[in-house]
Amino acid sequence: VLAPLRLVNFLVLAGALVHFVKPDNRFLRWRAARPLIICGKHSLYIFCFGILLSVLGHFVLAEIYHGLAMQAVVNIVGIALMIGAAYLLEWFKMAGRRSRSAPVALSAAPSE
């Protein structure tokens with residue numbers, strides 16, 4: 001019974017986001033919005049990485065300390081790791097494009 005309510009909640013949030021945030025919106029050009037955009041470009045990878053980090057964060061909170069300060073640290077570290085992973089994926093993507101577009105210069109060995 002809880003799963004359909006979660007789906008409805010997600011659909012309402014997604015609908016509100018699509019309605020209120022247009023692709024040419026001014027705040028999407030802000031420097032602070034760049035990590036969100038990069039994470040969105042690699043959303044499947046970041047989602048899967050987030051699941052792994054969630055399990056690791058739960059382990060840390062269960063085994064080490066589960067206070068409010070530790071929860072904040074686990075959340076901040078997890079968000080930073082996901083943003084870092086998204087930037088790394090974007091870097092690999094751009095490096096792959098550059099290597100395919102740049103012609104490879106073959107140097108001939110001097111013959112003696």
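Predicted model: local features only at pLDDT ≥ 70, side-chain atom pairs only at ≥ 80, totals over all residues.
Good morning. I begin with Ile-46, which, apart from neighbours within four places in sequence, is in contact with Cys-39, Met-82, Ala-85, Ala-86 and Leu-89. Among the helices, confidence is highest in H3, residues 43–63, with a mean of 96, and lowest in H1, residues 2–20, with a mean of 90.

To return to Ile-46: this residue belongs to the largest nonpolar core, whose 5 residues also include Ile-38, Cys-39, Ala-85 and Ala-86. Helix H2, residues 34–41, and helix H4 each contribute at least two residues to this core. As a general remark, nonpolar side chains in soluble globular proteins tend to be buried together.

Let me turn to Glu-90, which is part of helix H4, residues 68–101. Is Glu-90 buried or exposed? Its relative accessibility is 7%, so Glu-90 counts as buried. Setting aside residues up to four places away in sequence, Glu-90 touches Ile-38, Lys-41 and His-42.

Finally, the aromatic residues. The structure contains 2 aromatic pairs. In one, the ring centres of Phe-27 and Trp-30 are 6.2 Å apart and the planes stand at 65 degrees, which makes the pair edge-to-face. Phe-27 is partly exposed at 32% relative accessible area, whereas Trp-30 is exposed at 54%. The rings of Trp-91 and Phe-92 have centres 5.2 Å apart and planes at 55 degrees, and the pair is therefore tilted. Trp-91 is partly exposed, at 49% relative accessibility, and Phe-92 is also partly exposed, at 49%. Thank you.

Methods. Residues numbered from 1 in each chain as written. Heavy atoms only, no water. pLDDT = per-residue confidence, 0-100. Helix = DSSP H or I, 4+ residues; strand = E, 2+ residues; numbered from the N terminus. Buried < 20%, exposed > 50% of the residue type's maximum accessible area, 1.4 Å probe, protein only. Contact = heavy atoms within 4.5 Å. Core = buried A, V, L, I, M, F, W, Y, C linked by side-chain atoms within 4.5 Å. Phe/Tyr/Trp six-rings, centres within 6.5 Å; stacked < 30°, edge-to-face > 60°.
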